[in-house]
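Please look over the structure shown here, then follow the questions and answers below, which set each value against the term used for it.

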Amino acid sequence: MAAKKVLLLCGDYMEDYEVMVPFQALQAYGVSVDAVCPGKKAGDVCRTAVHQGIGHQTYSETRGHNFTLNASFDEISANVYDGLVIPGGRAPEYLAMDDKVLDLVRKFSDAKKPIASVCHGQLILAAAGVVQNRTCTAYPAVKPVLVAAGAKWEEPDTMAKCVVDGSLVTAATYESHPEFISLFVKALGGSVAGSDKKILFLCGDFMEDYEVMVPFQSLQALGCHVDAVCPDKGAGEKCPTAIHDFEGDQTYSEKPGHDFTLTASFESVDASSYDALVIPGGRAPEYLALNDKVISLVKGFSDKGKPIASICHGQQILSAAGVLQGKKCTAYPAVKLNVVLGGGTWLEPDPIHRCFTDGNLVTGAAWPGHPEFVAQLMALLGIKVTF
């Protein structure tokens, strides 16, 4: 039984990262999370939006993943939850006009249960009347509404800004996630041990959007130092990502995702200083597997017995590096050939969220497996979250 139970308030065109990162990170930490949307039930889908600043006067929007709800809004009771998370995006604009939503938020506030809201989610807090005399931040465009609702506005000097006022945690955008999630876990009574780890992410153009950001920010939220590198790119440069989803076709669809900002230079990285390696999937592994420097890097981690966590198509790199010999692992089903020819023992990912650990190797089939994927890497690194 999970130590804590949290409710995630969803709606169509909520921001893609702002729903999935906290949803899967909290589950990886052992928290039970129910995702609900007014007018929808468990198994229904909410479409998401990719919001990012790309040089225009406001953020751009493109279609994100389809997010599957796991509970029914009309069947929930605030009494059984320990906290509430509200993603941003465009969903809060209409959720703020829903009396049932506002009543639900007031119940959490009146009970002084932790509420964590990001970006435009604070529109709902303002409409519910729960920000009076509370210090909070948000995406800058939300400032007039919060001020009018009686909040004490704190300007987000960066888009990673977070503010805590009692049981209320507010943040400016998904760039805030590491601190935002960490503060929410603390508000739930959680503490983290063993997080003094340094982890390297091996990135490339058109890696899968969730498969880089969810584990990246989940590990940062624990207090780990996490670096992301890509061959031929330096710190501050970006990798475009791909959104891979299942929409009724014979294979996954692809849409453009967020641009992911690298934190270190591939050429100058000292692999010996890192405790673990993470390899996202998507299309990047196809060409990264042809790079001799990448192969040497992966072999270095394997030879030293350091944890390697690879998901989806990332195992194409592991196969090319020859580190699957004698290992039991899974991957996206289409990568089975690579695994078998690379000397690995294939483990069927049934269901698709199944992840496996064999010695120092953690493998997963696709992004639905992130809670298991991150949790199993945490176990190898000796990181624990307790409540």
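**Core and domain contact**

Q: What is V298 in contact with, leaving aside its neighbours within four places in sequence?
A: In this predicted model, V298 is in contact with L202, L277, I279, I308, I317, L318, A321 and V323; contact here means heavy atoms within 4.5 Å.

Q: What makes V298 stand out in the largest nonpolar core?
A: Y29, V105 and V298 are the residues with the most contacts inside this core, which has 132 residues. Its largest share, eight residues, comes from helix α1 (residues 16-28).

Q: Why is this core said to lie between domain 1 and domain 2?
A: Domain 1 (5-189) and domain 2 (193-386) both give residues to the core, and therefore it lies between them.

Q: How do you know which residues of domain 1 lose the most area to domain 2?
A: The area buried between domain 1 and domain 2 is about 2300 Å², with carbon and sulfur atoms giving 60% of it. On the side of domain 1, Y17, Y29 and H65 lose the most, together 31% of what that side buries.

Q: Why is the pair E247 and R63 called a salt bridge?
A: The closest N and O atoms of E247 and R63 are 3.8 Å apart, and the term asks for a side-chain nitrogen of Lys or Arg within 4 Å of a carboxyl oxygen of Asp or Glu, so the pair qualifies. Between domain 1 and domain 2 the count is one salt bridge, and the count of residue pairs in polar contact is 12.

Q: Which element gives the most to the side of domain 1 that touches domain 2?
A: That element is α1, with eight residues.

Definitions and conventions. Residues are numbered from 1 along each chain as its sequence is written. This is a predicted model: local features need pLDDT of at least 70, side-chain atom pairs count only at pLDDT 80 or more; totals for chains, interfaces and linings use all residues. Side-chain values use heavy atoms; hydrogens and water are left out. A nonpolar core is a set of buried Ala, Val, Leu, Ile, Met, Phe, Trp, Tyr and Cys residues joined through side-chain atoms within 4.5 Å. Buried means under 20% relative accessible area, exposed over 50%, partly exposed in between (1.4 Å probe, protein chains only). Helices (H or I, at least four residues) and strands (E, at least two) are DSSP runs, numbered from the N terminus. Domain bounds come from an automatic or database domain assignment. Buried area is the accessible area (1.4 Å probe) that two parts lose on being put together, summed over both. A polar contact is a pair of N or O atoms within 3.5 Å; within protein, one must be able to donate a hydrogen and the other to accept it, and residues adjacent in sequence count only if both atoms are side-chain atoms.
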